[in-house]
Amino acid sequence: EMDEALLLKKAVEQENKVLHDRLAECQRTLGTAYQAQALNAKHVSDLDDCLHNSTYQTKAAILLRQSFLEQLAALLSDGFTRVPATEEAIKNKVKEICSNDRTHVAVSTEGSM
């Protein structure tokens, strides 16, 4: 009976040690998971900051582009026609000016011969 009690005690102590080792391993794994989660949270925060910055820069670039188009349109407009502040309208007006200039140069060149 004493031997059985000693064997049972030894078995319980062995199981206790195995469980303790498993608990320690689980705690290490949990600690590693917390560290990974913290790194992921920082990465998400950094990406979010980058997204906000990029969004701000994009909006600023769009506003600057539109302002530039408006200034070009104003420069290309005259007292009779107003050039809309669109890329297509500005291109067409520049082509028209270039075409008129070429025609004027060609007429001037023919007249001086």
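## Contacts of Leu76

Leaving aside neighbours within four places in sequence, Leu76 is in contact (heavy atoms within 4.5 Å) with Val83, Ile90, Lys93, Val94 and Ile97. The model is predicted, so local features need pLDDT of at least 70 and side-chain atom pairs count only at pLDDT 80 or more, while totals for chains, interfaces and linings use all residues. Residues are numbered from 1 along each chain as its sequence is written, and side-chain values use heavy atoms, with hydrogens and water left out.

## Helix α1

Helices are DSSP runs (H or I, at least four residues), numbered from the N terminus. Helix α1 has 75 residues and spans 109 Å from its first C-alpha to its last, close to the 111 Å expected at 1.5 Å a residue; the expected span is 1.5 Å times one less than the number of residues. The buried residues of α1 are Leu69, Ala73 and Leu76.

Asn16, by contrast, lies in α1 and counts as exposed at 53% relative accessibility. From C-alpha to C-alpha, Asn16 and Asn40 are 36 Å apart in space and 24 residues apart in sequence.

## Salt bridges

The structure holds 6 salt bridges, each a side-chain nitrogen of Lys or Arg within 4 Å of a carboxyl oxygen of Asp or Glu. In one of them, Glu87 and Arg65 meet at 2.5 Å, N to O. Because Glu87 lies in helix α2 and Arg65 in helix α1, this pair ties together parts that are 22 residues apart in sequence. Glu87 is partly exposed at 38% relative accessible area, as is Arg65 at 42%. Arg65, Glu87 and Lys91 are linked in a salt-bridge network.

Within α1, Glu25 pairs with Arg28 in a salt bridge at 2.7 Å between the closest N and O atoms; the two are about one helical turn apart because 3 residues separate them.

## Lys93

Lys93, in helix α2 (residues 87-111), is buried at 13% relative accessible area. Beyond residues up to four places away in sequence, Lys93 touches Leu76, Thr81 and Val83. Lys93 also forms a salt bridge with Glu96, the closest N and O atoms being 3.6 Å apart. Glu96 counts as partly exposed at 40% relative accessibility.

Methods. Buried < 20%, exposed > 50% of the residue type's maximum accessible area, 1.4 Å probe, protein only.
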